[in-house]
Amino acid sequence: TVEEHVNEGRVIFSEGEPGDFAYIVKQGVVDLNTLINGKSVRLTRFTEGELFGEMALLDKSLRSGTAVAATDTVLIKIPISYFERYINNPGDLAQTLLSVLLTRYREMRGRFTALAQRSESSDISFEYTEEPQRTAIETHHTTSKIQREIDLANALKQQQLALFYQPIVDVKSQAIVGCESLIRWIHPDRGMIPPDEFIGLAEDTGLIVPMGKWIIHEACKARNRFAEHIDNIYVSINLSPIQFESPSLVRDIESAFVSTGVKPNRIYLEITETTLMLDPLNVANILNDLKRLDAVIALDDFGTGYSSFSYLHRFPIDILKIDQSFVFTMQDNSRSKEIVRTLCSLATSLGMRTIAEGIERESDLHLLNSFAADFGQGYFIAKPMPEEDFVNFLKA
Ligand code: C2E
Ligand code: CA
Ligand code: CA
Ligand code: CA
């Protein structure tokens, strides 16, 4: 996808041509014209944030009008392949596109009919009318989503993504044993963007797969650098459920292990209950493959999902991560406290270790120690930080 500057009066595409691109008006105004009785007539006008030229892509028909820049205009050009992904794999975006398209088409047809009835006259002109509000909102929703995806795809290419690291300590000795890698988007205009604001988009668009590959590779390389300071340190990597739908996940992880020379059992792979419930048989197979590579599997946010304890033995899980929502409240809420205590003893009896998240006070560490929790992380120990700060933290 590229940006294109078009001067006033220039033709963007012509009626009757095959279409390879759709466009979003980033700045300016574009008219869609057609020839009627040899005269160019404006069918509609597109302004900032609007999508046009999509119709020819959706059914591979020829352009039904000529698009002309009505002012100096900046366009985002979206190749046909972008849409094919959605059409072959329909989701809310494809549905929105189709609904925008159909509404627009019906409205145009209505105008054509009215026009044909009205005039033998050579002086054809008809007014640009506002599209129905619903379409405008949906169009806006669609185009802003496409723009955010383009932004995010560029972020990956332009190295705006960075891994931060949060230390994980042994609850008893408080010595550092590992860290969790947590992604950040360092946006040139918007500053640091937390993962909750873009992981969902990356998942919806499939971008999480190449992004996840990059994360795995980076985290493995970083582990080797951290090991210069703490010999046996491990690095945790978060895996999205969508990565488990990619047939290359095991291969990608193996190749990161091989190319970085990292010790696989010093890489913890964090998955969630959502991943387990996705396609349990397939996920169990993948996890077994990852165990054969000698990676360690941690179940993240444990206790917040839909699943029950009974299915746990079906998966090769080494570590339970106790969700921070229980840890935050365990000192004030006896129910949370009992949940944490129970999860710790459950893990022990299943031969798993525990990591407690969300340790914000020193007293949390003491309570967790009394429950025999193994590891812990949280703001009391340290917040996630850039690699350089984390290395200094290791040296301190
Ligand atoms: P998560 O995996 O449950 O990560 C723990 C989150 O809790 C992190 O937020 C961390 O900064 C925060 N946290 C840790 N200790 C404390 C504490 O003591 N108090 C409080 N209030 N918060 C604490 P973050 O970095 O914003 O990440 C949010 C979520 O985004 C993660 O939740 C994870 O689901 C996702 N995420 C982050 N990095 C990645 C990644 O590389 N890949 C994928 N797929 N998801 C990621
Ligand atoms: Ca995690
Ligand atoms: Ca978590
Ligand atoms: Ca979480």
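Analyst: Aspartate 301 bridges two calcium ions, ligand 4 and ligand 3, which lie 3.8 Å apart. This is a predicted model, in which local features need pLDDT of at least 70, side-chain atom pairs count only at pLDDT 80 or more, and totals for chains, interfaces and linings use all residues. Residues are numbered from 1 along each chain as its sequence is written, chains are lettered from A and ligands numbered from 1 in the order in which they are written, and side-chain values use heavy atoms, with hydrogens and water left out.

Donors here are N, O and S atoms within 2.8 Å of the metal (3.2 Å for Na, K and Ca); water is not among the atoms, so sites may look incomplete.

The calcium ion ligand 3 is coordinated at 2.2 to 2.5 Å by Asp300 (OD), Asp301 (OD), Glu357 (OE) and Glu357 (OE). Along the chain, the donor residues of ligand 3 have the spacing D-D-x55-E. Aspartate 301 lies in strand E14 and glutamate 357 in the loop between strand E16 (353-356) and helix H12 (362-370), so the pair ties together parts that are 56 residues apart in sequence. Helices (H or I, at least four residues) and strands (E, at least two) are DSSP runs, numbered from the N terminus.

Aspartate 300 in turn bridges ligand 3 and the calcium ion ligand 2, which lie 3.9 Å apart. The donors of ligand 2 are Glu180 (OE), Asn238 (OD1), Glu270 (OE) and Asp300 (OD), at 2.1 to 2.3 Å, and their spacing in sequence is E-x57-N-x31-E-x29-D. Glutamate 270 belongs to strand E13 (residues 267-271) and aspartate 300 to strand E14, so this pair ties together parts that are 30 residues apart in sequence.

Aspartate 301 also contacts ligand 1: an N or O atom of its side chain is 3.2 Å from an oxygen atom of ligand 1. Such a polar contact is a pair of N or O atoms within 3.5 Å. A polar side-chain atom of glutamine 166 lies 3.0 Å from a nitrogen atom of ligand 1, and a backbone N or O atom of tyrosine 379 is 2.7 Å from a ligand 1 oxygen atom. The elements giving two or more residues to the shell around ligand 1 are strand E10 (176-187), strand E14 (296-302) and helix H10 (324-329). Strand E10 gives the most, with four residues.

Of the 22 residues around ligand 1, the nearest are Ile183, Arg184, Asp300, Glu360 and Tyr379, where a residue is near if one of its heavy atoms lies within 4 Å.

Conventions:
Polar contact = N/O pair within 3.5 Å; in protein donor to acceptor, adjacent residues only side chain to side chain.
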